[in-house]
Amino acid sequence: MKKSSARAPVKPALSKPKTNLLGLSRAGLEQFFLDQGEQRFRAEQILKWIHQQGVMDFAAMTNLSMALREKLETIAKITLPEVAGEQLSTDGTRKWLLRVDPQNSIEMVFIPENGRGTLCVSSQAGCALNCAFCATAKQGFGRNLSSAEIIGQLWLARQLLAETAEAPKITNMVLMGMGEPLLNFEAVARALELMIDDCAWGLAKRRVTVSTAGLVAGIKQLAERCPVSLAVSLHAPDDALRDQLVPINRSYPIKQLLNACREYVADDRRAKITFEYVMLDGVNDSAPQAKALARLLQGIPSKVNLIPFNPFPGTEFRCSSQANIDRFREILSASGLTTITRRPRGQDIAAACGRLEGDILPRSQRIARLRTAQTRHHPAPGVIA
Ligand code: SAH
């Protein structure tokens, strides 16, 4: 019998989505190459190209064989968030708006100070925690960022800063932008691993800080996985008040939180927890509250950062008077706690703590207010100091 010559139309094979290598830390890259039948040491080579040399183009990775470079073109990619706006403060602070998808934008801030350069990055688009005094909370929650979108902020910032006249270096990293880092644990942990890996960014653990509203489970996980410096947004010396200001306190009350903090630094004699305390007029800034806070923190290796409240449209809170902030600081200092008052930075461009809003709703007028900056994807030589 003659076979029918009619053939069923060939269905296009569903191609596997390309893996974004930017967000893979050493372990993930090693697994990626092993899965491809390649050798483990390829991971180190790629880490150096991407994170140290700033190279995004596989064709330029000259110590990989031609065949591997061609293969990578078909199965992998290196993609960054898009720069949608940039603002420069009179005090030198810079803020960028980054678009991570058509619905979500995030903000990152660079703060130059006394030879240091601190980059503050976001871990989520928006935030789900609803702290009473925070502008990001008012935006609601958009989504978790991927590890590529978190480390991509550092990659982009180095590139953008290298193009400025001063070309400052990024020496310190803080996860204090939009979002709660410990509610996006896996992506944050991978980005942290890249920040401290000698083949990637090579930052000392002490120069990388995760700031949390106090997720005890996440603090324990971080201690196991990647114990960088920890900052805890405390803001109140008792549960009744903290329940109101930082609602996650209802799940993880102060006693539990401070026990997790004690454990976090138990194995490292030099480590200290930074406690952040936003100064709210008539709410948490009295002398008895300062004394209660000092008692609470006794015995925990710690330093306290008093943050003058940064007001934003629609908030009912006001910043404490300078006299109250000074009195609060003196009471804590007198009890032996290292206490500093954080100097507000980038206020003219709404870059200060708690003012980052991004844009997690479909394009708002906010973007129009920002100068449009071109997205640049070419290599940036040099590594951070
Ligand atoms: N979710 C994390 C990190 C983001 S907030 C956290 O809660 O720590 C970074 C810091 O800015 C936190 O200490 C936060 O409490 C503080 N902050 C929020 N809103 C603020 C405001 N309006 N003025 C001053 N500090 C604020």
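Predicted model: local features only at pLDDT ≥ 70, side-chain atom pairs only at ≥ 80, totals over all residues.
**Ligand surroundings and selected secondary structure**

Student: How many Å separate a polar side-chain atom of Ser 211 from an oxygen atom of the ligand?

Tutor: A polar contact is a pair of N or O atoms within 3.5 Å; within protein, one atom must be able to donate a hydrogen and the other to accept it, and residues adjacent in sequence count only if both atoms are side-chain atoms. For the side chain of Ser 211 and a ligand oxygen, the distance is 2.6 Å.

Student: Why is strand 13 described as largely enclosed by the rest of the structure?

Tutor: Helices (H or I, at least four residues) and strands (E, at least two) are DSSP runs, numbered from the N terminus. Buried means under 20% relative accessible area, exposed over 50%, and partly exposed in between (1.4 Å probe, protein chains only). Strand 13 covers residues 302–308, and it is largely enclosed because the number of its 7 residues that are buried is 6.

Student: Which residue of strand 13 is the bridge partner of Phe 275?

Tutor: Two strands pair if DSSP finds at least two bridges between them. Strand 12 (residues 273–279) runs parallel to strand 13, with 7 bridges joining them. The bridge partner of Phe 275 in strand 13 is Val 304.

Student: Through which helix does the chain cross from strand 13 to strand 14?

Tutor: Strand 13 is joined to strand 14 (residues 338–341) in parallel by 4 bridges, and Leu 306 stands opposite Thr 341. This β-α-β crossover is right-handed, meaning that, with the strands pointing away from the viewer, the path from the first strand over the helix to the second runs clockwise. The helix in question, residues 322–334, is helix 11.

Student: In the hairpin of strand 5 and strand 6, which residue takes a positive phi?

Tutor: Strand 5 (residues 104–113) has 7 of its 10 residues buried. Its antiparallel pairing with strand 6 (residues 116–120) extends over 5 bridges, and Pro 112 has Gly 117 as its bridge partner. Between the strands of this hairpin lie 2 residues, and the residue with a positive phi near 40° is Asn 114.

Student: Against which elements do the buried residues of helix 6 pack?

Tutor: Helix 6 (residues 185–196) reaches 16 Å from its first C-alpha to its last, close to the 16 Å expected, a span of 1.5 Å times one less than its number of residues. Its buried residues include Phe 185, Val 188, Leu 192 and Met 195. With contact meaning heavy atoms within 4.5 Å, the packing partners are helix 2 (42–52), helix 5 (147–162), strand 9 (172–175), strand 10 (208–212) and helix 7 (216–225).

Conventions. Residues numbered from 1 in each chain as written. Heavy atoms only, no water.
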